[in-house]
Amino acid sequence: MEVCYQLPVLPLDRPVPKHVLSRRGAISFSSSSSLFGAPDPRQLSQRRGAISYDSSDQTALYIRMLGACVVFKQLFANVRVRSQVGFEPERRSSHPYLFIDFRTLHTRLSCGSASASSVPERRLHRLLSCQRYLHSSRLLRGVPQQIPLHILDEDYTGQARCMLEKVGNWNFDIFLFDRLTNGNSLITLTFHLLNHYGLVELFQLDLVKLWRFLVMVQEDYHSGNPYHNAVHAADVTQAMHCYLQEPMLAKSLTSYDILLGLLAAATHDLDHPGVNQPFLIKTDHYLATLYRNTSVLENHHWKSAVGLLRETGLFSHLPPEDSLNVERDLGSLILATDISRQNEYLTRFRTHLDQNNLCLINASHRHFILQMALKCADICNPCRPWELSKQWSEKVTEEFFQQGDIEKKHKLEVSPLCDRETNTVGDIQIGFMAYVAEPLFAEWTRFSDTRLSQTMLGHMGLNKASWSSLQQEQTSMSEEVEPSTVGTDIGGVATQTDSNIVTATGGTSSKELPQGSREP
C-alpha cells in the first residue's frame with residue numbers, strides 16, 4: 001500500500017524534532033542539526049521520490065521522487081552515513097601532503113577561495129560516501145549548490161522509454177539518455193536491466209530497497225569528475241548488457257552471474273575521487289596505507305559498494321552465507337578492473353584461448369569471463385562510434401589534466417600524461433588504443449568472434465585513424481606558425497605517450513604489456 005508522507009516544514013533556527021530523528025533509514029541525522037537551506041514548502045508536493053524509512057510499527061513510508069533524493073539533501077545539510085562495513089582507516093603518517101583533500105581541490109582551483117596554508121588544517125574524513133559529505137558541506141564553504149529540476153516533461157520521459165527499447169544497441173547514446181532522464185541514467189538503466197533479466201522477481205528483491213540502493217550508488221559518484229562519474233558507470237553497465245547478450249555468454253551464464261555482472265558494472269568506480277592510484281600513494285593518502293598500495297581505488301570501490309548493500313539491506317533476506325558470497329564475488333569482479341593487472345589477466349586469457357580449455361560449465365571459468373567482460377566494458381570507449389568516443393576521450397583527458405593542475409598547485413611531480421601543456425588528447429588516445437585497448441579486444445574477438453566484436457574493432461580502427469588525422473592537421477597548422485620548433489615538440493610528446501600511457505592510468509609500464517594483434 002502506498003502512503004504519501006508530508007515532510008514537516010520547520011523554521012531554520014530550530015533543531016530537528018525527535019519524531020523525525022526516530023525514522024530509521026539510509027541517512028541518519030544528528031540531534032543538534034539544524035535545517036539549513038530548506039526548500040520552498042510549495043515545491044515539496046511537486047517532487048516525487050523513492051526512499052524508505054522503517055518506523056517502529058514497521059510501516060513502509062516512502063516518497064516517490066524521480067531525482068536522486070535531492071529533497072533530503074536540501075532539508076538536511078548535516079548528513080552522515082552509517083556504514084556497517086567496518087573498514088576504518090589506519091593511523092595516518094605525517095607526510096606534508098597527507099591532508100590534501102582532493103574532494104574539494106577542483107572547487108578550490110576554480111574559485112581560488114582556499115590558500116595553501118589552510119590545507120593542513122583541514123581534517124580529512126574517510127572517503128566512504130564522501131560525495132554526501134561534499135553535498136552537505138557546500139553551504140559551509142560558501143559554494144552555491146546547483147539543484148536541477150526534478151519534474152520532467154512527459155515528452156522527455158517518453159523518449160527515454162523509447163531509448164530503453166534499444167538498450168542493447170552498441171550505438172546507444174548514453175549522453176542523450178542521461179539528459180532525457182535528468183541526470184538519472186545510472187538509476188534508470190540499471191533498474192530497467194535488472195527487471196529485463198527477471199532478476200528482481202527471481203531473487204525476490206524488495207523494490208524500495210533496490211531503488212534506495214541505486215539512488216545511493218548514483219549519489220556516491222562524483223558529478224564533478226569529468227570522466228569517473230555516474231554517466232561513465234551507466235555507460236559501462238550498458239556495454240556489459242551488450243556483452244551478456246553475446247551467444248557465448250547468453251547460453252552459459254546463470255542468473256546469478258548476470259546479477260553480479262550488472263551490479264559490478266554499476267559500482268565498479270563508486271566514490272572515485274578523480275585522481276589515480278599513484279597520486280594517492282605519493283601523497284601518503286590513508287587509503288593507500290589501508291590497502292598497502294595495492295589496487296587502492298578498486299578496493300575502495302568494492303568496500304563502498306558492500307557498505308551500500310549492507311546499509312540498504314538489499315540482500316538481507318538471503319542466508320548470511322549467500323550474502324557474503326555475493327560481496328566476495330562482487331569484489332573479485334571490481335578488482336579485475338585494476339589497469340595495473342592488465343598484463344596478468346590478458347596473459348591468462350590468451351593462455352586459455354591458445355589451449356582451448358575454457359569450459360563455461362565450470363563456475364570459475366564463467367566468473368573469469370565475467371571479469372574479462374567487465375574489463376572490456378570499462379575501457380570500451382575507443383570502440384564506440386566516433387561521435388561518442390570523441391566525447392569520452394576529451395572527458396578522460398580533462399580529468400588527467402585536472403590532476404596535473406592539482407599536482408602543480410601543490411608542487412608535486414606531475415604524473416605522466418597529466419600535463420596539459422605537453423600532451424594532447426590525440427596523442428594520449430592513440431597510445432591508449434595501441435598499448436591497452438587493441439590487445440584486449442583482439443583477444444576478446446578470438447573468444448567471441450561475432451558481429452559486435454568486429455564492429456568494436458572496426459570503430460577502434462576508424463577512431464585511431466581519426467585521431468591521427470586530427471594530429472596531422474594540428475601539426476600542419478602549428479608548423480605554419482612555428483616551423484622551426486614544433487616538429488621536435490610533437491615527436492617528444494609521442495614518445496612520452498607510448499612509454500607512459502598505462503602509468504598515467506595507475507598501472508605499470510606499457511612495455512610490459514603483450515601487444516597482441518593490431519588493426520592495420
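A residue counts as buried when its relative accessible area is under 20%, as exposed over 50%, and as partly exposed in between (1.4 Å probe, protein chains only). The model is predicted: local features need pLDDT of at least 70, side-chain atom pairs count only at pLDDT 80 or more, and totals for chains, interfaces and linings use all residues. Residues are numbered from 1 along each chain as its sequence is written, and side-chain values use heavy atoms, with hydrogens and water left out.

Q: How many of the 520 residues of the chain, in percent, count as buried?
A: Of the 520 residues, 54% count as buried.

Q: Why is the pair of Glu-327 and Arg-310 called a salt bridge?
A: A salt bridge needs a side-chain nitrogen of Lys or Arg within 4 Å of a carboxyl oxygen of Asp or Glu. The closest N and O atoms of Glu-327 and Arg-310 are 2.9 Å apart, so the pair meets the definition. Glu-327 lies in helix H17 (residues 320-335) and Arg-310 in helix H16 (residues 296-312), so the pair ties together parts that are 17 residues apart in sequence. Helices here are DSSP runs of H or I with at least four residues, numbered from the N terminus.

Q: What makes Glu-438 and Lys-464 a salt bridge?
A: Their N to O distance is 3.4 Å, which is within 4 Å, so the pair qualifies. Glu-438 lies in helix H21 (residues 425-447) and Lys-464 in helix H22 (residues 451-481), so parts that are 26 residues apart in sequence are tied together. Glu-438 counts as buried at 3% relative accessibility.

Q: Why are Arg-446 and Glu-443 separated by about one helical turn?
A: Because they are 3 residues apart in helix H21. Glu-443 counts as buried at 4% relative accessibility, while Arg-446 counts as partly exposed at 42%. Both belong to a network of salt bridges that also links Arg-350 and Asp-354.

Q: How do you know that H19 is mostly covered?
A: In H19, 14 of its 16 residues are buried.

Definitions and conventions: Helix = DSSP H or I, 4+ residues; strand = E, 2+ residues; numbered from the N terminus.
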